[in-house]
Amino acid sequence: MHVPDGFINAPVSAVAGVVAAGAVAVSLRGARRELGGERAAPLAGLVAAFIFAVQMLNFPVAAGTSGHLLGGALAAILVGPFTGVLCIAVVLLMQGILFADGGLTALGVNITVMGVVTVVVAYALFRGLTGVLPRTRRSTTAAAFVAALVSVPAAAVAFTAIYAIGGTTDVPIGKVLTAMVGVHVLIGIGEAVITALTVGAVLAVRPDLVHGARGLAAPLKLRVDGELVDAPAAAPAPAAARAHSTRKVWATGLVAALLLAGFVSYYASANPDGLEKVAADKGIDEKVEEHGAADSPLADYGVKSITDPRISGGLAGVIGVGVTVVVGSGVFWAVHRRRTRQEPATTSHGSV
Amino acid sequence: MGAGHAHTLYRHGHSPVHRLPPHCKLVAVLGFVLVVVSTPREALWAFALYAVLLAAVAAVARVPAGFLLKRLVIEVPFVAFALLMPFVVPGEQTELLGLSVSVPGLWGAWNVLAKGTLGVAASVLLASTTELRSLLLGLQRLRLPPLLVQIASFMLRYGDVITDELRRMSIARRSRGFEARGVRHWGVLAKTAGALFIRSYERGERVHLAMVSRGYTGTLPVIDEVTASRTQWAYASALPVLALGVCLLGWTV
Amino acid sequence: MSTVQPAAAAPSLEVSGLAYAYPDGHQALFGVDLTVERGERVALLGPNGAGKTTLVLHLNGILDAGAGTVRIAGLPVEKRNLAEIRRRVGIVFQDPDDQLFMPTVREDVAFGPASAGLRGAELEERVTAALERVGMERFAARPPHHLSFGQRRRVAVATVLAMEPEILVLDEPSSNLDPASRRELADILRDLDVTVLMVTHDLPYALELCPRAVILGDGVIAADNRTQDLLCDEELMRRHRLELPFGFDPRSVAVPRP
C-alpha cells in the first residue's frame, strides 16, 4: 500500500502533503483532548508502537498466503479519530524514513490515504452505527466490522482520485478504480473480520479502553451525564473555547490548502501548451517542457478530452480543494460529535 | 512489508556521511528526491546520472551495493503495478519481445520504476548512515511539532518491547500446540492483538506515571540539540544541488 | 503534627491518617500513619492488594489524599508544591522499561533534573555522578533496550538519584533479578546516603538492607518494628500472608543495627 516516489506528480504530492500536515495539526490538538493533556505523548506513542507491531502479526488466509492488519480503523475505534490519525501518520513517517517504505515525497499521499481517509471514514461510520444500533457489545463489534470493511475500499477510492489528478501515467481511471476497489474490498473483508474480533477481544476484558464504546461499561452513570451535559454551566464554556481554537487551526489548514491548490493549479496552467504539445508528439504522453521545477498536474492528466490546460489545471485545483473540504468537514464533524458526547468522560479521566 | 521492519537499516560507521548532522541529511535527501520526481522521464541519461550520484554517496558512506540492492525489495508491489502498465495503458503500440505493448505504458512503467528506485535508494542511504536517535533529533531540529517527535520517540523506544511481547505470546500459543493455519484461527490471533493493545495502553499509562514522577508537565526538556556548521550544510547540499543541475539540464536539453 | 519543628530536622516522610478510595468506590487505605526519619532505610511489607502501590502513589502526589496528610521533609504534598515534591521523592517503578522512556541512558537520567530546569555542564555533571553511583557510567550513550534487565534496573535507580531526592522509594527492587544483579543492587543501595522506603515481597532482601520494617495490612500499618523481630514473629507473618523462603531463618543472620 505504501506509495513510492514518482507515482504521483510533484504538485499533487505537495497538495496532499499540505492536507496531511493540516490533518496532523488538527489531530495534535484533538489527541491531547482524547487522551487527557500531558498523557497524550506516552499513550499515543505506545499506541503507535502497537499499530507498528500489529502490522507484523500475520493472518494466514489459505495455502501459504497471509495478510496483515492495516490498523487505521482499529486505531480510530480503540483510541479515537485524532489519536488514530496521529498514530498512523507517525508510523508512516517512521516507515518512510527508517525503512524506506513509501517514498518521502509520497508521504503526504500516504498519510492522507491510509491515515486520514481510513480513520475518518471508519470513525464516522462507527459512530453513526453505534448511535443507531442498540447499545450492546454485539452491536459495537458489528459496527467495528462495517467501519473497517468500508474504510479500506474508501482509501482505495481516495488513492484512485489522487491518481486521477496527479498520476504520472494516464492509466484509464475506470480500470484503476475497478481494480483498486475490487482488490481492496477483499482486503477490507479481512481487515473487517480482524478489526471486529480485536475490538471484541478488548471489549471483553477492558471495555473502558475502547474509545468508541465508552459508556458501555457503566451505562447508568455516563448516560445520565451524557444527556444532562447541556445543563451545567461550567463544562460547556471551556469546551466551546477549545472547539473554537480547534476550528481556528482547521480553518487555517483549509485556507493554506486552498492557497496552495490555487497556486499550484495556476502555476500549472501558466504553461501554455501542455496537452496540445503532448498530443502532437506522436503518442509519447509527456514531453520536455520549459519550466524546470515540476511536472504539471495536467501534463499527465487522465482525462484526455480536456485539452485546455487552464481548465484542466483549474479542475485539478478544484478537485484538490474538494478533497480537502470533505476531509476537513469529516474531521470537524468528528470534533463536534466528540465535544457533545465525550466531555464528561474526558474530564473525569483527567483528574487522576 | 512485515519482515523488514523488525530491524532498522542502520549500519554503524565513521564515514563523512555518518558524521553529517541528521537534519542536513534529511533536508538533502528530501531535496534530492523532490528533484528526481520533477525530472522529465524522457531524460534517461539524467536518471543514470542520479544513480551515479547515489553510488558516489554510497561509496563515501561505505555502504555496500549489495545492502542497498537488497532493500529495494520493498518496492515489489509497485513493480508489479508498473509491469502491468505497458499492457493496460492505451496508446500507440509497439512490439517488445514478441508482445504488443503500449508506448505510453512503457514510459509510465519506466517513470515509476526509475523514480521509485532512486527514492528508495536515497532513503536507504539516509537510514543506513543515521542512528535512530539522531534522526529524531534531526526531526526536532527541523521544527516538527514537539508532540509528534515525542510520539515518534516513544514509538521507537517501545516498538521493540511490544514486538517482543508479541513474540512471547506467539511462542506461548505454539507451545500449547496452536498453529494458525487459516481463517478459522483468526479469532485466536485477534485475541492476541487485543491483549497486545491492552498491554500497550496500560504500559503507556505506567510510562506516564513514571514521567510525571520525574517532573513531566507536558513538554520534554530539550537535552540535546544538534547543530550544523556552514561547511556541513555545504557538504550535505552537494547531492541535491548536483541533482538539481542534472534536472535543469534534463528540462532544457 | 510533629513536635520537632525546624525544617532541617523534619522527618523525610511523614504520613498521617491517610485514607483513600478509588473513583469506583473501592477503598484501599484506611488511615495510614508512618514516619520515616532522615537517613533511615525502611521496608514496606504486605501481601498483594494491601494497598502498597496506592500508598506509594500518594507520596509524590499522583493520587490525591482523600483524608489525611503526607509531608516530605516538612513540605505537605499539595497541588502547589507538586514540582518540588516530585523532585524530593524519587520513585523507582517495578518495570524498568516503564521508567526508562528516553532514547538513551544519558537522556533518561537527565530527564528529571532537566525538567527541574538544570542545563549545560551542571546537568552533565549530575548525570555522570548519578550513573557512577550505580556503576553504569560506561553505558551513557546506549539505548536502554540494549541493556540487561539488571543493568536497566540500576539505570532506573540512577534516573531517580540524579534528582538528588530526599527519599528514595523502590517498588519491588529485587524482582526478576538474577542473584548476581540482586547482590550488586544491594551493594549500591546500602552505600547510598538517602532515606529509603523499599516496597518488597523479598523478605531476605528487606532484612539485609532495611533495619526497620512496617507491614501494611487491610489499608493500615499493622506492624512497625525491627525487621528481624518482625520476620521472627511467625504468627504475625502468617496473618499477613508473608512467607520466608524455604530454609531461611531470620534469626541466623547478622543484620545492621538500626
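# A walk through a three-chain model

In chain C, L13(C) has V36(C) of β2(C) as its bridge partner. In general, strands of a sheet pair through backbone hydrogen bonds, and the pairing can be parallel or antiparallel.

The pair belongs to an open sheet of four strands in chain C, ordered β2-β1-β4-β5, with antiparallel pairing. At the edges of this sheet stand β2 (27-36) and β5 (75-76) of chain C, each of which pairs on one side only. Chain C as a whole has 10 helices and 10 strands. Its radius of gyration is 18 Å, close to the 18 Å given by the globule rule for 258 residues, so chain C is as compact as a globular protein of that length. The C-alpha trace of chain C spans about 55 × 45 × 40 Å along its principal axes. Of the 258 residues in chain C, 47% are buried.

Chain B comes next. It is divided into domain 1, made of residues 3-138 + 228-252, and domain 2, made of residues 144-213. The C-alpha centres of domain 1 and domain 2 of chain B are 33 Å apart.

How many of the 10 residues of helix α7 of chain B are buried? Nine of the 10 residues of this helix (residues 132-141) are buried, so α7 of chain B is largely enclosed by the rest of the structure. The buried residues include L132(B), S134(B) and L135(B), and the list also holds G138(B), Q140(B) and R141(B). What do the buried residues of α7(B) pack against? They pack against α2 and α8 of chain B, together with α4 (81-99) of chain A. Part of the surroundings of α7(B) therefore comes from another chain, given that a residue counts as buried if 20 or more other C-beta atoms lie within 10 Å of its own. Just after α7(B), R143(B) takes a positive phi of about 65°.

The contact between chain B and chain A takes 86 residues from chain B and 72 residues from chain A. On the side of chain B that touches chain A, the elements giving two or more residues are α2 (22-37), α5 (76-88), α6 (103-129), α8 (146-175), α9 (186-213) and α10 (230-252) of chain B. The largest share of that side, 19 residues, comes from α9(B). By class, the residues of this side divide into 53 nonpolar, 24 polar and nine charged.

Chain B also touches chain C, in a contact that takes 22 residues from chain B and 24 residues from chain C. Here the elements of chain B that give two or more residues are α7, α8 and α9. Again α9(B) gives the largest share, with eight residues on the side that touches chain C. That side has 12 nonpolar, three polar and seven charged residues.

Chain A, the remaining chain, has 11 helices and two strands. Read along the sequence, its pattern is α-α-β-β-α-α-α-α-α-α-α-α-α. Of the 352 residues of chain A, 57% count as buried. Among contacts in chain A between residues at least 6 apart in sequence, 76% join residues at least 24 apart.

The last topic is the confidence of the prediction. For chain B the mean pLDDT is 85, and 96% of the residues reach 70 or more. Residues 1-7 of chain B stay under 50, and the model has 11 contacts for them beyond four places in sequence. Chain A averages a pLDDT of 69, with 58% of the residues scoring at least 70. Over residues 217-247 of chain A the pLDDT is below 50, and this stretch has 24 contacts in the model beyond near neighbours in sequence. Residues 335-352 of chain A also stay under 50, and the model has 21 contacts for them beyond four places in sequence.

Key:
Residues numbered from 1 in each chain as written. Chains lettered and ligands numbered in written order. Predicted model: local features only at pLDDT ≥ 70, side-chain atom pairs only at ≥ 80, totals over all residues. Contact = placed C-beta atoms within 7 Å. Nonpolar A, V, L, I, M, F, W, Y, C, P; charged D, E, K, R; others polar. Rg over C-alpha atoms; globule rule 2.2 N^0.38 Å. Buried ≥ 20, exposed ≤ 12 C-beta atoms within 10 Å, placed from the backbone. Domains from an automatic or database assignment. Pairing = 2+ DSSP bridges. pLDDT = per-residue confidence, 0-100.
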